Every structure is written in structure tokens, then in C-alpha cells.
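Subject: Structure handover

Hi,

Here is the structure I promised to pass on. My notes follow below it.

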Amino acid sequence: MPNQNPGFSTLAVHAGAAPDPTTGARATPIYQTTSFVFENADHAAALFGLQQFGNIYTRIMNPTQAVLEERVAALEGGAAALAVASGHAAQLLTFHAIMQPGDNFVAARKLYGGSINQFGHAFKNFDWQVRWADPADVSTFEAEIDGRTRAIFIESLANPGGTFVDIAAIAEVAHRHGLPLIVDNTMASPYLVRPLEHGADIVIHSLTKFLGGHGNSMGGILVDGGTFDWSASGNYPMLSQPRPEYAGVVLHQAFGNIAFAIAARVLGLRDLGPAISPFNAFMILTGIETLPLRMQRHCENALAVATWLKDHPKVGWVGYAGLEDSNNHALQQRYSPKGAGAVFTFGLKGGYEAGKTLVESLQLFSHLANIGDTRSLVIHPASTTHRQLTEDQQVSAGAGPDVVRLSVGIEDAADIIADLEQALSKV
Ligand SMILES: Cc1ncc(COP(=O)(O)O)c(C=O)c1O
């Protein structure tokens, strides 16, 4: 590119991609193949021994997936990335590279519900423990750290409430204890927030949401910030000790600032297996080309909807950080001045029954369990995703009986508001 420092929108369209050298195809081809022919036996041996980078088998690496990795690494300002089958797979491979049985990590209590399940239940089988902290109170993270803590995990913009977190302050705590800060940047996307610039060490995404952006493909990615010293403490043996499966290679020595991304690929993805399909990688790459345009519209529409809802007589409260009277507005202005995202919750004065009536009456909004689609989406957590919890548990998870979550799409704001207006009239 002629400009040494291309802008975000240019990177969203071009980073990692080039015309196909064989056919001249301008869009990145879908390399729909399981395996790649070796040049000769020595080439095959060098690839398997990690002496040379190259394609072997699509579970480990694929050229369509590689363009997606380079593009997201560029958008986040990271050193390298690894694309996988889902956001949950990205979280699994992230922790697999840095945790041993008996280790723990400290996570913000306000997270996507699926992450709370994964950390609190599924990870127990690996003997990895999660400890919960309050994202609004940095001291609660420090209080949970002990000699077996290996990382801190937060969402930059927390799902479902749409609240911004003080990334720099939590990064400072993590680094004071020699720990990496892992940030799930799914809800904000790198268009709004770039966590590595605020001290994060690893960024992960569910590509299924705003990056893919069209509600049609599952994917996840982890981005290696390239700055964390994996050897200093001796606490990350996967990275700092010889690996028996690769003839004693020490990944941090051999791969320097991309050692974490390499470990996630050659130890995690290779052996646990959650590869992204080349087709999904292509769909998500295509989605990313319009990320800046979509995010602008998502944020404009969400602000218009939140402003309208705030004055509606049947609405008790609106939790959108973009509203000037929000107690999260100062953090939003600091971390995400271009907008407050598109996902937020609000409360209905009529409680549980009003929430059910609203979701059943909306017509333009789709009632489903996803966010970050071009289409406007709605869910009433207390009657769906959080229905198994007691009312107290629902309230502390930000999913009380009155709470409705919106993911505002990129349709015309007037049509989105008209749909809410007709549905609220039935409540
Ligand atoms: C913030 C956040 N992180 C992670 C995930 C998990 O991603 P996936 O569904 O792609 O596994 C989700 C899914 O909704 C999410 O909202």
C-alpha cells in the first residue's frame, strides 16, 4: 500500500489480501480443500518440524483462514492471530496455551452468559478454576489473585448490559502481578475499541457477531498483542519449556513475539481441533470489508433508539452508555469516542409479562439469541436465556424480569422506532 500507515477502513478492505497469484482472482478465494501437496519429502519434514511455515492440513492452517487472521491482527494492531470455529473455541485455545491443571484466572462477573458457563462449568474438567470480580471495581480483581493465577479476562464492552470497562486500570493490575490481560472485544469491535492500545495482551472475538456482521457464519479469533514476556515468571510452561511433541522446541525462544499465537495453533488447534471452515472464513472476511460503515450506522441507530426509549412512559430505565446521563458515559467517551455500540438493555415498568408481550409483538425485530447482525434483534433474558435462575440471580446478572436486550441493526432508525412504538402500545 502506498501509505505506510493505512487507515482503519483501508485495512478493513485490504489487509492480508492480494490478487490470487495463479488466477488473478481479486476476492480472496475459498480454498475448499482439506490438505496441501508437499513439494518433496524434505519440505514435508520441515513443515511438520516447525522449521518452515506452510500449509499442511486445514485443521491447522488454510490460505483463506490466513487472510482473515492477517486482517483482524491488522485491525487490532496485534502481532499475529489465529482464526477458529467460534468465539468459544477462541477462548478455549487461549486458556489452553497458558493454563496448567490447578491454575486459575480472574474474570469479570459481567460477561456473555455462555462464557460464564464455559469458565464456571466446562473448564472444571481441565481443572482450570475461574474467580469472579466486579468489572466496575478494579480492586476486586487484585483481591482474587494468588500464586496460581495465570490471567485476567474481561469484555471491553460487556454483554448484555452494554457497559464499558476500564481496560487500562485492569491491565495495570494484571501487569503488576506478571499476568496477561485477555480482552473479549466482540461487542465493541476494533472499529470502536482497540484494547491492545490500552494495555491488553491478548484480544479475542466471536467473529459470529459484528465482524462477520450478517448473522450467517460462526467464527472466532484470538489476537496476540506480541508484547507479553511468557518466559519471565516460569508460569507458562507451554510457551517457555521444551515441547516434547516438537523435538524439544521452546516456542517462546523459537517464535518470539508471536509465540502465543503459534502455541494456540500448533498445540491447541492441532490437538483439540476446532478449525474454522474456509467458507466461513470467506464470509467473515467479506463482512469485515464494511465493518466501519456498519458500526457507524449501528451506533447512530442505537443512540436514536435509546434516546427515544428513555422518554417512553412504559419504560423504567435505559442502560445505554451513549446517553449523556448514563453513569458509564465517561468510560464510553474515554475508550470508545466514536460510539457506544449497538447492544444494550432497558427495563419495562410492566415487568416479566410486559417483556414477553413486547418480544412477541415486535415485527421488524427478530426474537432470537444473537447480537451483531445487520437486522435488529431482541431477547427477553428472564423468559429465555436466564429462565433457569432465581429472580435474585437474574437481577444480579443484569437479566431481571423487566429487562429487554436489543441489538440494534442497520435498518432505517425511523422503522426500528416505529416497530418498538407499535409493540409497546400492546404492552
Ligand atoms: C461477548 C461474546 N463473547 C463470546 C461469545 C461466544 O461466541 P460464539 O457464539 O461465536 O462461540 C459471544 C456469543 O454470543 C459473545 O456475545
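The second largest pocket is lined by Phe 53, Met 61, Ala 66, Glu 69, Glu 70, Ala 79, Ala 80, Ala 81, Ile 258, Ala 261, Ile 262 and Arg 265. Bear in mind that this is a predicted model. The volume of this pocket is about 270 Å³. Its lining holds nine nonpolar residues and three charged ones, with no polar residues. Which elements each supply at least two residues of that lining? They are helix 3, strand 1 (80-84) and helix 11 (259-272).

Helix 3 (63-76) turns up again in the packing of helix 12. Helix 12 covers residues 278-288. Its buried residues are Pro 278, Asn 280, Ala 281, Ile 284, Leu 285, Gly 287 and Ile 288. These pack against helix 3, and also against helix 1 (8-14) and helix 13 (291-310).

Now the domains. The chain is divided into domain 1 (8-287) and domain 2 (292-424). Their centres, taken over C-alpha atoms, are 29 Å apart. Domain 1 puts 32 residues into the contact, and domain 2 puts in 31. The size of an interface is often given as the accessible area lost when the parts come together. Here, about 2,600 Å² is buried between the two domains. Carbon and sulfur atoms give 59% of that area. On the domain 1 side, Phe 164, Tyr 191 and Phe 210 lose the most area to domain 2. Together, these three make up 31% of what that side buries.

Best wishes

Technical notes. Residues numbered from 1 in each chain as written. Predicted model: local features only at pLDDT ≥ 70, side-chain atom pairs only at ≥ 80, totals over all residues. Heavy atoms only, no water. Buried < 20%, exposed > 50% of the residue type's maximum accessible area, 1.4 Å probe, protein only. Helix = DSSP H or I, 4+ residues; strand = E, 2+ residues; numbered from the N terminus. Contact = heavy atoms within 4.5 Å. 1 Å grid on protein atoms, 1.4 Å probe; cavity = no way out; pocket = protein on both sides within 12 Å on 5 of 7 lines; lining within 4 Å. Points joined across faces, edges and corners; volume = space filled by probe spheres on them. Nonpolar A, V, L, I, M, F, W, Y, C, P; charged D, E, K, R; others polar. Domains from an automatic or database assignment. Buried area = accessible area lost by both parts, 1.4 Å probe.
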